[in-house]
Amino acid sequence: MIDKLIELVVVLCIVSLGTFALVSFIPGDPSVAILGEGYAPEDYARVRAEMGLDDPFSTRYWHWLSGALQGDLGTSIVPPQGPVIDSIGEAMPVSLQLALMGLVIAIVVAVPLAVYSARHQGNWIDRAIGAGTFGVLSIPSFLSGLLLIMLAVNHLGWFPRSQWVRISEGLGQNLYHAILPAIAISLLEMAMFTRILRSDLVMTLGEKFILVAKAKGMSNTRLLFSDALRPSSFSLITMLGVVLGSMIGSTVIVETLFSLPGMGSLIVRAAQQGDMPMVQGAVLVIAVIYVVANGVIDIAYGYLDPRSRRAHV
């Protein structure tokens, strides 16, 4: 447990350094983003000095990291200027909701499909589900989002295209506006979960304890969902932390397609405007969520699977 926490802290330090370095080395002058073009060189030099951009890299990183540890991710340099943490606080709930809804949709759909496919291993149902999931995996998120917009928004008119209602303004309307983007986010994970769980289920169904349960006359439903599903879920559980972080990252495309005020739109807009503090803060928050989610899943896995605990004895 302690070793895992130490590894988590080390990874977070590396992530923070990489985030600051990558954004700092992006071409462009933040002083131009603040003042605009047409000012004298000494004006740009004054702004750079006030922002500490002329300091050594290590000094700038330490100041930024010290502030981040205290909840201060800097100030946006693009009007309306304000604390980066406030903008992230407004955008993050949108992305988190979409990612969590997408994750729930993916699991709810993938588990029955995988069980049904494994139960009918080798017949046309299994082959049809396998072909369908392979087809979904080959479609990128932006294309699946566009197809959903064309079908459910433009053709059928079931959902809005570019509106967002926060939960505080009404849960029903919030879910109505969030469901289509969440489905677009969930498709790739839905197909991936189905294939992984189906593969593990097929292996589990060939184990001796399953054959014994069959010989005792246990029903197929109880056999699949009670005895086979749990030991077959470890690979799926391990992937949840990775997938949650990647789904938050994938909202960049979906939020742009649906014009939603989440982290994706915030990062894209900040990058276009040269707002480096905003990009650094937003990317760091997403990276921290990704690393922490993976760490929690890794620690939880040791408690869920007795084999992993015995391996360290």
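**Aromatic rings and a salt bridge**

Modeller: In this predicted model, Y61 counts as buried, at 13% relative accessibility.

Biologist: How does Y61 sit relative to W64 in helix α4?

Modeller: Y61 and W64 are three residues apart in helix α4, and about one helical turn separates them.

Biologist: Which aromatic cluster do Y61 and W64 belong to?

Modeller: F20, F57, Y61 and W64 form one aromatic cluster, and a search of the whole structure finds five aromatic pairs. Among them is F20 with W64, whose ring centres are 5.2 Å apart and whose planes stand at 35°, so the pair is tilted.

Biologist: And which helices do F20 and W64 come from?

Modeller: F20 lies in helix α1 (residues 2–24) and W64 in helix α4 (residues 57–69), so the pair ties together parts that are 44 residues apart in sequence. F20 is buried, with a relative accessible area of 5%, and W64, at 9% relative accessibility, counts as buried. The rings of Y61 and W64 have centres 6.4 Å apart and planes at 40°, so that pair is tilted.

Biologist: Changing topic, how many salt bridges are there?

Modeller: The count comes to one salt bridge, in which the side chains of R198 and D126 meet at 2.6 Å, N to O. R198 lies in helix α8 (residues 171–205) and D126 in helix α6 (residues 124–137), so the pair ties together parts that are 72 residues apart in sequence.

Biologist: Is D126 buried or exposed?

Modeller: D126 counts as buried, at 8% relative accessibility, whereas R198 is partly exposed, with a relative accessible area of 22%.

Terms used: Residues are numbered from 1 along each chain as its sequence is written. This is a predicted model: local features need pLDDT of at least 70, side-chain atom pairs count only at pLDDT 80 or more; totals for chains, interfaces and linings use all residues. Side-chain values use heavy atoms; hydrogens and water are left out. A salt bridge is a side-chain nitrogen of Lys or Arg within 4 Å of a carboxyl oxygen of Asp or Glu. Helices (H or I, at least four residues) and strands (E, at least two) are DSSP runs, numbered from the N terminus. Buried means under 20% relative accessible area, exposed over 50%, partly exposed in between (1.4 Å probe, protein chains only). Rings of Phe, Tyr and Trp (its six-membered ring) pair if their centres lie within 6.5 Å; planes under 30 degrees apart count as stacked, over 60 as edge-to-face and the rest as tilted.
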